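Let's walk through this model together, starting with a term we will need and then moving from one residue out to the whole chain.

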Amino acid sequence: SPNMARTVFARTAACAPSGLRNDSWALTVLGRKGDHVIQFVVRAWRPGTSVERVVEETKAELLRFGLRSVASDQYGSEVTKAHFERAGLRLEEQPFTSGPSSPKAVGFKALKEQVIARRIRLLDDGEQTRELQLLEVTRLSGGGERIAAPGRLHDDRACALALGVHMLCSETGAAGFLRFLGRQIGENERPAKENRFGEAVA
C-alpha cells in the first residue's frame, strides 16, 4: 500500500510524449519503498489524440497520487511543454539517447535488474508486456546501445516505464533523497485535500 510509510515511499511519473498529434503517448506512475518498485498506472493514447486531452487526463492521474510533475523524453515540443505548464504541471525532460549514461540506457538496465531480482511489480497490461518482449538492443560503434522496438512498432509504454524506473532508482543516497524531497515539497506546498491514500493533493 502507498500509505505504508509516507516518509520513505517515493512516487514518480514518467511519460513518452514524442511529439504532437501524429505520435502516440504513454504514461506510467511508479512507487518505491526500499528496493522494491510498484507500478500503479500504465496507459497510452493513440496517435491523433489532442494534446489538451492527454494533458487533462495525465493531470487527473497525477493528482490521484499527489504529483504535479512528470519526467519525459526530450522529443516533445515547446508547445507540448506549454500545455503542461498551463495545466499546472512541470514537464522534466530527460535526454533519451544511446549514450551509456543516458537515462534511457540506465533506466532499461535498472528495469532489467529489478525484474531479475523480482523487485518490481508491474500491472497486467498486455501491450506493455508485448513492447518489453519485442525490444531490440543494437550495439553501436561509440560504445552506446540503441534500445528500441523493431521497425515501426511502438515502444512508448516500455520507454515510459524505463524512464520512471530511472527516476526512482536514481533517487538513492543522501543527495538523491534531498533532490526528491525538494520536488515533493514544491509539489505539495499549497493547501490541499486528501487523496485516496490519505495524502494531500490539489
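A contact here means heavy atoms within 4.5 Å. With that in hand, look at Q114: leaving aside residues up to four places away in sequence, Q114 touches D35, V37, R119 and I120. You will find Q114 in helix α3 (residues 103-116), where helices are DSSP runs of H or I with at least four residues, strands are runs of E with at least two, and both are numbered from the N terminus. Is Q114 buried or exposed? Q114 counts as buried because its relative accessibility is 6%; the cut-offs are under 20% relative accessible area for buried and over 50% for exposed, with partly exposed in between (1.4 Å probe, protein chains only).

A word on the source: this is a predicted model, in which local features need pLDDT of at least 70 and side-chain atom pairs count only at pLDDT 80 or more, while totals for chains, interfaces and linings use all residues. Residues are numbered from 1 along each chain as its sequence is written, and side-chain values use heavy atoms, without hydrogens and water.

Stepping back, the chain has 6 helices and 10 strands, and 50% of its 202 residues are buried. Of the contacts between residues at least 6 apart in sequence, 56% join residues at least 24 apart.

Now for confidence: pLDDT is the predictor's confidence in each residue, from 0 to 100. The chain's mean pLDDT is 78, with 76% of residues at 70 or more. Where pLDDT is low, the predicted coordinates should not be read in detail.
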